Amino acid sequence: MIRISDITEKVQSYIPSPDIDLIHRAYVFSAKVHKGQLRLSGEPYLTHPLEVSAILADLRLDEVTVAVGLLHDTVEDTLATEAEISELFGEEVVFLVNAVTKISQITFASHEEKQAENFRKMLLAMAKDIRVILIKLADRLHNMRTLEYLSREKQIRIAQETMDIYAPFANRLGIAKVKSELEDLALKYLEPEVYAELSRKVTEGVRQRQGIIDEAIKIIQAKLKEYNTEGIVSGRTKHLYSIYQKMKRKGISFDEVFDLMGIRIITNNVRDCYAALGLMHSIWPPLPGEFDDYIAMPKPNMYQSLHTVVIGPGGHPLEIQIRTYDMHRTAEEGIAAHWRYKERDKLDKSYDERFVWLRQLMEWQQDLKDPSEFLHMMKVDLFHDEVFVFTPKGKVMSFPQDATAIDFAYAIHTEVGHHCVGAKVNGRMVPLRYRLKTGDIVEIITSPNHHPSRDWLKIVKTTRAIQRIKRWLKTEEKERCLALGREILDKELAKYGLSYLKLQKKGDLLKVANRFGLVDTDELMVDIAYGKISARQVLSEILPQETLQLKSEPSKLKKVINKITQRKGEGVKIKGVDDVMARFAKCCNPVPGDKIVGFITRGRGVSVHRANCPNVDPFLYGTERLIEATWDVQEDVPYQVEINVRCADKPGMLAKITAAISEASINIITADVKTGRDASARCRFTLEITNLKQLEKVINSIKMIRDVIEVERASSYLSKNKMEPHASPTRIIG
């Protein structure tokens, strides 16, 4: 077991005159309150806070953080109170202990919700004090080291959470040694067979690889000495999870991973880094396409280094990393290498700019309330493979893989994004959907008359672009809805000699809005435009019932609709809405038995879609325009639905298919048959059915026919620019 003296010695090695008394007092208090507690391994519980504190000391953090490592579980797992810790150790310590505790003390209805809220908690904690997440990472790292004592179910759950949340955070903060160990330990429990096999193969070849590395180190040291370039040369091993990821990503075997062997050269300054690179290429030929300059283009987590792969001794590929001492500390310790709490006000502007991503994540976590959407956005921003591009002035910007010119525009400024019409990449015009590549020089072309399109949401990748586009569309849509809602209400008011302006001035419309639970008349107009509230419902709150009944004869529109449909008892129920026009969407043709959802259209009531119809995807349109809908069919009424049949192009096939349809007592409205060059035929039938079971029965009957290749229900999904071109009206039963 690690001793408190080991921890204090580490702290004294990097902090001049540290407050060792604080660490000792924290140790004594932790030992006292945890006395008698055991871990599942059978060890005294005190071993855990000691190990966490030691990890924090390895990261060279201040004595307050190291002390909190000893105290982090006291409030959660013992009888100790916040007041007691505050009195003994001060407000700074109790704040950190409390913040770490709060991340864990929360329960949720679903795993997805829990993961999303864990992200939120960590972001909030990081925004207040970055030490909170560093302590939590140290806590998780030691828990992962001792995961073997838990049940298999808990091992999988904790390992997956580590892979999903903690390792990406460690990576984003640039703490490579914590990130790598978390990933390897998580792999050990999530893919035990893969982990065991990789461990065996790495161990088997270690002697041979070490011989090659030792030979390469001697050659490099001699070359550096010859050209008076100072540098420390050492071997480097690739951790198991990165090997596994490379094998999966490139679809290669273990034997094809060429950078298992690595050399690291640490020099005094940047000039010597590039000098050493030139020397390496003079000794061994570099592999084309395997050079990365992360000194000129640092990663967002502050990582800097030169990477090259050469054909080393004996023709073996060898990866070489070259960096300065400061870069090496940053690569290993990330933010912890640069940050000292007592010097937080002295941090330079360039350091602050490196954490713009954290401020952006904080903004987005406030806007994104849906757990699944929030998780998706966080993973895009935390887990992405990166591309690095340049502005015309030479500034380097990082984007997720497959980001587009629109993402670049919004990264420059929101208004640039809103008005972008095209882009120049490396001096050539490209469309806005162009996917950025590392090294591109990008210039955005704007027009004051151009505005975002909903289609942009399908191609952008960054959270910033998605949020800005959605916000603009929502604002623009609200303005249109205000005008439309007022127009609809004005026409209805005119029938009774009433004026919108007069009612608004007298405050009558505000009273009506309040009766519907709305804040103001703007919300009332929007709900009228969406069809949530009808103009007649508004009138019923203003005029006496007898006045309304004088003009309550069915309108010509309703007569036409009734004549068209001629379906008694046909309808759906829309939750919380009465007397509103609903339409069956022709993009997916719902029939009784399908799971359905209502979509509030602009001024045309509610369109009824199948629940899985892509045209009501909540990611594209949000959930605010979706409304619960259920079938309310009291008798069998016919619905039209289309099916596609692909079969062999043989005589008599059409007769067999139509016979199967007729035997199911289903009427064929239309039939369209086309033959192809592949000796197959494609048939499209419009059928008249009464419910989903009848449709499923006839599809199964057709599938049983010999030489029928495929049968499916047809869906005429829409073009990208229209929500719903046509919809057949139906009656709402309230």
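Are Tyr241 and Tyr244 buried or exposed? I looked them up in this predicted model, and both Tyr241 and Tyr244 are buried.

**Entry 1: aromatic pairs**

I found four aromatic pairs in the structure. One of them is Tyr241 with Tyr244, a tilted pair with ring centres 6.3 Å apart and 55° between the planes. Tyr241 and Tyr244 sit in helix H14, three residues apart, which is about one turn of the helix. I noted the general point that an α-helix has 3.6 residues a turn, so residues three or four places apart point the same way.

Phe399 has a relative accessibility of 3% and counts as buried because the cut-off is under 20%. Phe408 is buried too, with a relative accessible area of 2%.

**Entry 2: helix H11**

I checked the length of helix H11, residues 176-190. Its 15 residues should span 21 Å at 1.5 Å a residue, and I read 21 Å between the end C-alpha atoms, so the two values agree. I listed the buried residues of H11, among them Val178, Leu182, Leu185 and Tyr189. The list also has charged side chains, including Lys179, Glu183 and Asp184. Against what do the buried residues of H11 pack? I found helix H9 (131-145), helix H10 (152-172), helix H12 (192-204) and helix H14 (240-250).

**Entry 3: Asp293**

I located Asp293 in strand E3, residues 292-293. Asp293 is buried but has no salt bridge. The nearest side chain of opposite charge is that of Arg323, 11 Å away. What I did find for Asp293 was a polar contact of 2.8 Å between its side chain and that of Tyr274. A polar atom of the Asp293 side chain also lies 3.0 Å from the backbone nitrogen of Ile295. Leaving out residues up to four places away in sequence, I recorded that Asp293 touches Tyr274, Ser305 and Leu306.

**Entry 4: Thr65**

I placed Thr65 in helix H4, residues 63-71. The side chain of Thr65 makes a polar contact of 2.6 Å with the side chain of Asp62. Which residues does Thr65 touch, not counting those up to four places away in sequence? I noted Leu56, Arg131 and Ile135. I also took the separation of the C-alpha atoms of Thr65 and Glu92, which is 9.7 Å for two residues 27 apart along the chain.

Conventions:
Residues are numbered from 1 along each chain as its sequence is written. This is a predicted model: local features need pLDDT of at least 70, side-chain atom pairs count only at pLDDT 80 or more; totals for chains, interfaces and linings use all residues. Side-chain values use heavy atoms; hydrogens and water are left out. Helices (H or I, at least four residues) and strands (E, at least two) are DSSP runs, numbered from the N terminus. Contact means heavy atoms within 4.5 Å. A polar contact is a pair of N or O atoms within 3.5 Å; within protein, one must be able to donate a hydrogen and the other to accept it, and residues adjacent in sequence count only if both atoms are side-chain atoms. The expected span of a helix is 1.5 Å times one less than its number of residues. Buried means under 20% relative accessible area, exposed over 50%, partly exposed in between (1.4 Å probe, protein chains only). A salt bridge is a side-chain nitrogen of Lys or Arg within 4 Å of a carboxyl oxygen of Asp or Glu. Rings of Phe, Tyr and Trp (its six-membered ring) pair if their centres lie within 6.5 Å; planes under 30 degrees apart count as stacked, over 60 as edge-to-face and the rest as tilted.
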